Amino acid sequence: MVSLPEEIFQETYGRVKKLIVTKRLVPGQLITEHRLSHTLNIKDDTIPVVLLQLRQESLLVGSLDNGLTVRELSEQEIAEMFDCRMAIETMTVKLFTQNASQSKIDDLRNLLVPFEKGPQNAYVFYKIDRYFHEFIARNCGNRTLYELFKSAKILPFMDLVGLNRPLKTIMQEHLDIVSAMHQRDEEKAVRSIAVHLENSKRSHL
């Protein structure tokens, strides 16, 4: 496989991933290099490299030779992953509330400021939502727990299910979590993330 400049890879990777997240490539849909190259008007070697990366991230299944498809999740898989998220993220939120510097909490709050009047672009807000959860895990102060967060493939799962509720509602739940963190109220922060994840789970089942 050819080696690509990072910026070229990232651009194509971002474009293909957006097709998956926005459901323009639907779960179970066959994806071929030729069809994708035509859709994106790309005529170089980036497509196969990107497809292999997305397969490694569990967003795609299959092979380049026989065709890849966007991974389909059963209701049981969705329910089980939300249960795993509940176990992991209630702890990351608790530890973040205990351990994060005030500047980190401010960073999390500032991430949401542009959306306070209501998110307008669903894809942009999806990326913020994804970053919000990863930021908490990465800065919770427990490296082993962060590695568990990554190995559980929570982020690819978020990519596949997307956001299935009014963005304003999700935004308010994020603000509730950050408010509790700002007050260093770990019990309230844990309750807030639990409500957030339970509401998200119900919206997909």
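Analyst: Terms before numbers. A cavity here is a set of grid points where a 1.4 Å probe fits but cannot get out. Keep in mind that this is a predicted model.

User: OK. How many cavities of 30 Å³ or more turn up in the whole structure?
Analyst: The search finds 1. The largest cavity holds about 160 Å³ of space.

User: Which lining residues are closest to its centre?
Analyst: Arg85, Asp129, Gly162, Leu163 and Ser200. The lining of the largest cavity has 17 residues.

User: Which helix gives the largest share of that lining?
Analyst: Helix 10, with 5 residues. Helix 4 (75–99), helix 6 (122–138), helix 8 (154–161) and helix 10 each supply at least two.

User: And the lining by class?
Analyst: It has 7 nonpolar, 7 polar and 3 charged residues.

User: Switching to packing. At what angle do helix 9 and helix 10 pack?
Analyst: About 165 degrees, with the axes 8 Å apart. Helix 9 covers residues 167–182 and helix 10 covers 186–204. Angles over 145 degrees count as roughly antiparallel, so helix 9 is roughly antiparallel to helix 10.

User: Is the crossing left-handed or right-handed?
Analyst: The crossing of helix 9 and helix 10 is left-handed.

User: Which residues meet there?
Analyst: From helix 9, Ile170, Glu173, His174, Asp176, Ile177, Ala180 and Met181. From helix 10, Lys188, Ala189, Ser192, Ile193, His196 and Asn199.

User: How do the residues of that contact divide?
Analyst: Into 6 nonpolar, 4 polar and 3 charged.

Terms used: Residues are numbered from 1 along each chain as its sequence is written. This is a predicted model: local features need pLDDT of at least 70, side-chain atom pairs count only at pLDDT 80 or more; totals for chains, interfaces and linings use all residues. Side-chain values use heavy atoms; hydrogens and water are left out. Axes are lines fitted to C-alpha atoms, for helices over the stretch in contact, and angles run from 0 to 180 degrees between N-to-C directions. Helices (H or I, at least four residues) and strands (E, at least two) are DSSP runs, numbered from the N terminus. Angles under 35 degrees count as roughly parallel, over 145 as roughly antiparallel, 65 to 115 as roughly perpendicular and the rest as oblique. A crossing is left-handed if the near helix is turned anticlockwise from the far one by less than a right angle, and right-handed if clockwise. Contact means heavy atoms within 4.5 Å. Ala, Val, Leu, Ile, Met, Phe, Trp, Tyr, Cys and Pro count as nonpolar, Asp, Glu, Lys and Arg as charged, and the others, Gly among them, as polar. On a 1 Å grid over the protein atoms alone, a cavity is a set of points where a 1.4 Å probe fits but cannot get out, and a pocket is an open set with protein on both sides within 12 Å along at least five of seven lines; lining residues have an atom within 4 Å of a point. Grid points are joined across faces, edges and corners, and a volume is the space filled by probe spheres set on the points.
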